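User: Can you walk me through this one? I'd like the contacts, the cores and the domains.

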Amino acid sequence: MSVAVGALAASESKRLFRSPLAWIVLALGEGFMAVFFMLLVVRYLENEAALRASGVTNAVLVPYFTAANLGMLLVAPLLTMNAIAGERRDGTLRFLYSTPLGALDIVGGKLGGVLGLAGAYVLLVVMMPATLFWGTPLDAGVYAANVLGLALFTLMHVSLGLMCSALTRQPVAAALVALVVSLSLWLLDWAVRLDPAASHVGAYATLARLRGFSLGLVNSGDIAWFVLASLLFLALTALLVDADRSLT
Amino acid sequence: MSGREDHRDDVLLAARGLGRRFGHRMALADVDITLHRGEVLGFLGLNGAGKSTTMQILAGALVADTGTVEVCGHDLARHGRAARRALGYLPQTPPLYDDMLVDEYLALCARLHGVPRRELAAAVGHARRRCGLDEVGARLIRHLSRGYQQRVGIAQAIIHDPAVLILDEPTNGLDPAQIRDVRTLIGALATERAVMVSTHVLGEIRLLATRIAILHQGRIVHDADNRASGGRVRVRFAHPPPPAALRGLAGVHAAEPLADGGFVIDLDDGAAARAAFADAASAAGWGLVELTSDYDALEHLFMRLTAGRAA
């Protein structure tokens with residue numbers, strides 16, 4: 001079945017690249033990141049004396065990747081909203097059910113397809129700060145940790161987006177639900193700041209989980225958390241897809 | 001249900017006791033369907049009778065609450081992949097990705113059904129040719145007319161050369177010439193396969209199907225060979241007798257006078273019964289001038305079975 005899953009993923013990715021929405025999202029996302037990157041570099045150059053102590057890595061790279069993660073939080077729901085909800089609305093999901101693909105195959109194909117486009121977005125985003133390597137000493141370890149953090153964050157949010165897309169037949173509703181859930185997970189960190197007693201809640205905050213990566217500390221616990229959260233969302237997506245065969 | 005004991009070994013699809021509820025509404029109950037190789041089953045019913053639900057269940061796109069479906073010996077619930085690989089399904093609305101090229105879409109469908117890469121081009125070419133899509137292979141599906149989109153839908157159903165074809169209103173949106181082409185295609189496909197076709201056009205089913213099943217309010221109310229209605233004939237005489245005289249002839253079950261002076265007669269099935277009737281009419285001196293099959297028989301049967309019980 002891996003061949004069929006690959007075919008579904010390739011087709012999904014190709015169709016996404018053809019849709020104007022995907023290009024608009026990518027263009028706006030890259031545009032936003034480019035402007036932000038330029039502002040960070042300009043700020044550093046204008047305040048070099050004050051910022052030299054923390055270095056380019058901390059003054060440019062870390063805030064840049066924090067913004068990149070925040071950008072992905074907004075981009076992922078837009079890239080995933082049609083993946084299953086759109087197919088359900090158009091009646092093509094039922095066609096997929098009539099093929100030899102199982103629910104996991106369908107989810108795998110969809111994940112692969114969206115990751116194709118999200119991967120292109122991430123690649124462009126991480127290439128931008130890499131240009132600093134030509135002009136200044138940059139901490140390659142911190143850079144690599146941030147790239148890994150963004151990749152894991154992307155995987156988790158694409159998985160979450162797919163799950164939300166499997167909940168409904170309205171893509172816009174799917175995007176909104178995904179956005180609310182991912183923003184809530186991001187903002188859980190603020191709850192801890194407001195009330196230290198809520199530290200058990202803070203363990204689920206994506207922002208807190210990203211903190212280690214942004215400092216260049218690759219913690220296996222954080223990696224496992226992102227991977228397990230992604231697997232959980234994907235498993236729930238497969239269950240929702242499978243249930244759809246019985247319920248609709 | 002089919003009564004075709006002689007083809008028992010050639011059963012390609014067997015559904016037993018299918019039942020399905022949507023909320024409190026019973027959509028299907030105790031539906032049995034058997035499809036044999038070489039058979040075209042015409043599946044009729046009023047809107048909302050449960051035809052599409054039945055076909056979705058048979059195609060594996062919907063799970064039944066009760067009952068079993070076996071396709072080429074594979075249980076659809078337990079060995080779904082193998083069973084679905086042997087199935088081609090065209091839903092009521094063709095399942096098209098309108099942002100794809102026709103060839104691209106057909107290649108995807110072939111891959112999803114497990115056609116090996118080396119056979120891909122041949123499979124796409126074959127399906128395209130059979131469905132008259134050669135000229136539009138490089139066009140975007142959204143730019144095709146409704147008729148061509150329907151043909152693409154049929155092509156995706158046959159791309160992997162399935163043993164069982166389930167076609168939900170395949171002639172929907174086609175013009176008369178295209179309908180004739182699809183009828184010819186289905187007839188050709190059925191020689192080595194089993195085909196199940198639903199439609200609202202009774203004349204189409206009469207010409208196409210070898211067997212007819214009528215579904216009403218979620219239950220099969222008729223399942224018989226298409227020729228079963230062949231015993232109903234229209235006759236016209238130079239000297240029309242009273243209906244009672246016709247009813248008195250051997251092999252005649254009923255005789256209804258028509259407004260145009262002819263009669264509709266329910267005869268025993270078969271050529272022998274018709275010959276005997278012609279001989280008897282001649283011997284009585286009624287001057288038989290016309291004896292034809294009653295092409296409205298199916299409509300008559302359908303209306304009788306579904307009359308007054310609208311779904």
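This is a predicted model: local features need pLDDT of at least 70, side-chain atom pairs count only at pLDDT 80 or more; totals for chains, interfaces and linings use all residues.

User: Which residues is A:L79 in contact with, leaving aside neighbours within four places in sequence?

Analyst: A:L16, A:A22, A:V25, A:V114, A:L117, A:A118 and A:G161.

User: What about the largest nonpolar core, how many residues has it?

Analyst: That core has 152 residues. A:L79 is among those with the most contacts inside it, as are A:L162, B:L106, B:V164, B:I166 and B:V195. A nonpolar core here is a set of buried Ala, Val, Leu, Ile, Met, Phe, Trp, Tyr and Cys residues joined through C-beta atoms within 7 Å. Buried means 20 or more other C-beta atoms within 10 Å of the residue's own; exposed means 12 or fewer, partly exposed in between.

User: Which helix gives the most to this core?

Analyst: Helix 4 of chain A (residues 55-80), with 14 residues. Helices (H or I, at least four residues) and strands (E, at least two) are DSSP runs, numbered from the N terminus. There is also a second, separate core of 10 residues, including B:L246 and B:F263.

User: Switching to helix 8 of chain A. How far does it reach from first C-alpha to last?

Analyst: 37 Å over 26 residues, 140-165. That is close to the 38 Å expected at 1.5 Å a residue, taken as 1.5 Å times one less than the number of residues. Since 19 of the 26 residues are buried, helix 8 of chain A is largely enclosed by the rest of the structure.

User: And where do chains A and B meet?

Analyst: The contact takes 22 residues from chain B and 18 from chain A. On the chain B side, helix 1 (51-59), helix 2 (80-85), strand 6 (87-90) and helix 3 (102-112) each give two or more.

User: What are the domains of chain B?

Analyst: Domain 1 (5-98 + 150-223) and domain 2 (229-306), with bounds from an automatic or database domain assignment. Their centres, over C-alpha atoms, are 34 Å apart. Nine residues of domain 1 and seven of domain 2 make the contact.

Note on methods
Residues are numbered from 1 along each chain as its sequence is written. Chains are lettered from A and ligands numbered from 1 in the order in which they are written. Two residues are in contact if their C-beta atoms, placed from the backbone, lie within 7 Å.
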